Amino acid sequence: MFDVIIKNGLIVDGTGRPGFTADIGIDGDRIVEIGELGPSSARVIDAEGCVVAPGFIDCHSHTDQSVLLNPSCESKVTQGVTTEISGNCGESPASRSDRYAVEDEYADEFAEYGVDSNWHSMADYLFRLDALPMAINYATLVGHGAIRIAAMGRSGRQPSEDELAQMERMVEQSLLAGAFGLSSGLVYPPGCYADTDELIHLCRVAARNGGIYTTHMRNEGVDLIPALEEAIRIGREAGIGVQISHHKACGRNSWGRVVDSLALIDSAREQGLDIWADQYPYTATATGLESLLPDWAHDGGNSALVRRLTDPRDHQRLRDELIKNTGDGWIGDWGGWDSVVISFVKRDANRRYEGMSITAIASEQGRHPVDTVLDLLIDENGSVGVQHFAISPDDIVTVMRHPSTLIGSDATARSTSGPMSTGKPHPRAFGTFPRVLGTYVREQGVISLEEAVAKMTGRTAARFGLRGRGVLSEGNYADITIFDPDTIADAATYETPHALARGIEYVLVNGVVVLDSGRLVDLGMIKSGRVLRRGIN
């Protein structure tokens with residue numbers, strides 16, 4: 001007697017091999033039999049005409065904060081995601097310290113939503129998540145930026161020997177608590193202040209404890225290749241596997257350069273480095289407007305940034321540098337201010353700007369776009385969400401076809417109601433995986449169905465060490481996504497980003513049905529998802 005039988009579907013098992021027809025029998029949280037099964041089950045799901053795949057694994061997400069507000073993870077479940085890996089781009093809610101609590105902007109953000117973030121270590125944070133009724137499985141990395149803040153605040157200097165030793169201890173403690181590796185965000189403060197040697201030291205600790213290194217590289221534009229060479233050097237000298245986050249080439253002068261970067265990845269792999277990449281299938285990035293400011297402006301954290309924005313001398317210096325970058329600089333190369341669209345503001349007075357480009361706002365105000373940018377940042381206390389349209393559609397195809405590319409949304413789990421339904425977030429939050437399967441598999445034939453599923457499941461699980469997940473085989477966990485290959489598609493757009501994907505019929509997480517005939521199941525306090533810990537997940 002099975003708890004659930006899935007019958008009549010085409011099984012695409014996550015290994016990349018051709019699909020085959022069989023039934024799947026589930027008992028508890030495990031797949032116990034695959035073959036021709038009788039009807040002896042408490043629940044039979046008829047998957048005729050559908051693909052039965054492993055639950056999708058979002059290898060690059062940012063649900064570190066929102067999981068506490070939105071444990072149902074609606075935008076992920078409805079696109080077939082059953083496991084996600086957070087803590088990317090150097091950002092994670094742990095480790096933290098009382099000494100630099102005033103510079104811990106995570107605490108401020110949690111406080112805005114009424115969340116008591118009274119943990120310090122990765123172990124404490126994961127224990128906190130254990131108590132949540134999460135719909136999906138949650139794994140995390142420890143962020144280099146987070147441990148740097150905990151050890152030395154948001155200073156732009158290099159760490160002392162004692163501070164570096166403290167950071168090394170936090171990396172080790174985090175991995176022993178279950179983190180799957182160390183992430184860096186080298187375009188963001190404070191990660192941008194770290195030199196290569198600092199990262200090598202910390203990655204050696206992560207490597208000794210079985211982790212990998214994921215990186216939002218120091219540059220994704222004209223200096224893409226030197227940035228990739230730095231990541232490869234870190235991997236080689238630290239003896240650690242490397243994951244290149246959301247691989248792309250931003251700016252028209254860099255379009256096509258992914259051919260060279262992928263060749264460099266191939267060369268590194270041939271020389272023995274365990275290096276992979278991931279991508280999201282969209283032409284816009286999503287970040288903070290403040291990230292367009294030079295590194296020096298962020299030294300000391302957000303409060304120091306706001307002081308510089310309002311100081312006449314620093315304000316003029318910022319204005320001069322942004323105007324220079326607007327013309328022949330990188331902002332101009334990335335498409336200018338017309339390519340930068342506001343996605344989030346906090347003040348109601350600025351809400352109408354969500355969905356508008358900086359150029360459009362400046363035109364309405366009758367001002368230079370740079371003045372609009374600086375004043376908006378002042379008005380919003382130094383933090384504004386934006387989307388930046390800077391990626392070539394052809395490059396998306398090139399990167400997707402590469403065998404070492406995995407799929408990750410680079411998105412926070414969001415919802416259609418409540419605190420995680422505000423603003424105009426990037427449509428990747430609701431649409432990444434269906435977009436790959438609908439647009440790039442069915443419509444454009446960029447990669448095969450089996451290859452796409454493998455990139456979303458089995459290869460990702462193997463790459464990050466997710467035991468018993470990512471492949472449909474007897475004995476593995478029953479994380480399963482059932483979708484209609486003829487109708488699966490992303491519905492979210494930049495204008496209407498909170499739209500649920502189409503064609504996802506059923507999602508099971510650890511044997512629990514969480515999406516039934518296309519509808520979210522109200523599980524109440526039932527915990528279908530689990531916190532996954534490295535080595536024991």
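Q: How many of the residues of helix H5 are buried?
A: In this predicted model, 9 of the 9 residues of H5, residues 144–152, are buried, so the helix is largely enclosed by the rest of the structure. Buried means under 20% relative accessible area, with a 1.4 Å probe and protein chains only. A helix here is a DSSP run of H or I with at least four residues, a strand is a run of E with at least two, and both are numbered from the N terminus.

Q: And what do the buried residues of H5 pack against?
A: They pack against strand E9 (142–143), helix H6 (161–177), strand E10 (181–185) and helix H7 (196–208). Contact means heavy atoms within 4.5 Å.

Q: Which residue follows H5?
A: Glycine 153 does, and its phi is positive, near 70 degrees.

Q: Zooming out, how many helices and strands does the protein chain have?
A: The protein chain has 18 helices and 21 strands.

Q: How much of the protein chain counts as buried?
A: 61% of its 537 residues.

Q: What does the C-alpha trace span along its principal axes?
A: About 75 × 50 × 50 Å for the protein chain.

Conventions: Residues numbered from 1 in each chain as written. Predicted model: local features only at pLDDT ≥ 70, side-chain atom pairs only at ≥ 80, totals over all residues. Heavy atoms only, no water. Buried < 20%, exposed > 50% of the residue type's maximum accessible area, 1.4 Å probe, protein only.
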